[in-house]
Amino acid sequence: MREALAALKTARTEGDAVACWADLHHDAFRAAAAASRLFGRTAAFHRALLEEYDAENDAELAPTAEALARAYGDVRAAAEALHQHPNTVRYRLRRAKAVLGMPDAPDREFAFLLGLVFLDRTNPLLGS
């Protein structure tokens, strides 16, 4: 039922008469993630680690990580969205990797993780 409602919402938003679940691409995963309590709690835990670090250190790791997720791992696009230099974004991402216990993770792997952590916040169809 949730999947059908998500497909219907997408069809209405896109002005289509029909939307197939398989055609939703990222939106299908976002809708499924939004319905999973375990996924939601895990993503919230990772966001909380970044937000707590930010609060204790007057940093901007959480917004930077979310910007990178919204930019699908493109540091330059994230930097532009944040009105920051790309090197500032790279520095913050290195700090975020350390905070999340992934200091040696490749950038692609880390960007993928952030895409999952912020998945429920990057979908306009879910009201984010």
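This is a predicted model: local features need pLDDT of at least 70, side-chain atom pairs count only at pLDDT 80 or more; totals for chains, interfaces and linings use all residues.
Me: Which pattern does the protein follow when read along the sequence?
Reply: The C-alpha trace spans about 50 × 30 × 25 Å along its principal axes, and the secondary structure within it comes to 7 helices and 0 strands. Read from one end of the sequence to the other, the protein therefore has the pattern α-α-α-α-α-α-α.

Me: Why is helix H4 described as largely enclosed by the rest of the structure, and how many of its residues are buried?
Reply: Helix H4 runs over residues 61–70, and its buried residues, among them Leu61, Ala65 and Leu68, pack against H3, H5, H6 and H7. The helix is largely enclosed by the rest of the structure because the number of its 10 residues that are buried is 8.

Me: Which residue just after H4 takes a positive phi, and of about what value?
Reply: The buried residues of H4 include Ala67 and Ala69, and the residue with the positive phi comes just after this helix. That residue is Tyr72, and its phi is about 55°.

Me: How far apart are the closest N and O atoms of the salt bridge that Glu66 forms with Arg70?
Reply: Because Glu66 and Arg70 are 4 residues apart in helix H4, they are separated by about one helical turn. An α-helix has 3.6 residues a turn, so residues three or four places apart point the same way. Glu66 is buried, with a relative accessible area of 17%, whereas Arg70 is partly exposed at 44%. In the salt bridge that joins Glu66 and Arg70, the closest N and O atoms are separated by 3.2 Å.

Me: Is Lys97 buried or exposed, and at what relative accessibility?
Reply: Lys97 has its place in helix H6, residues 86–99, and, leaving aside neighbours within four places in sequence, is in contact with residues including Met102, Pro103 and Phe110. Since buried means under 20% relative accessible area, Lys97 counts as buried, at a relative accessibility of 7%.

Me: With which residue does Lys97 form a salt bridge?
Reply: The structure holds 2 salt bridges, and in the one formed by Lys97 the closest N and O atoms are 2.6 Å apart. This pair links distant parts of the chain, from helix H6 to helix H7, across 10 residues. The partner in helix H7 is exposed, with a relative accessible area of 59%, and its name is Asp107.

Me: What distance separates the C-alpha atoms of Ala77 and Leu38?
Reply: Ala77 is found in helix H5, residues 75–82, and is partly exposed, with a relative accessible area of 33%. Ala77 and Leu38 are 39 residues apart along the chain, and the separation of their C-alpha atoms is 30 Å.

How values were computed
Residues are numbered from 1 along each chain as its sequence is written. Side-chain values use heavy atoms; hydrogens and water are left out. Helices (H or I, at least four residues) and strands (E, at least two) are DSSP runs, numbered from the N terminus. Buried means under 20% relative accessible area, exposed over 50%, partly exposed in between (1.4 Å probe, protein chains only). Contact means heavy atoms within 4.5 Å. A salt bridge is a side-chain nitrogen of Lys or Arg within 4 Å of a carboxyl oxygen of Asp or Glu.
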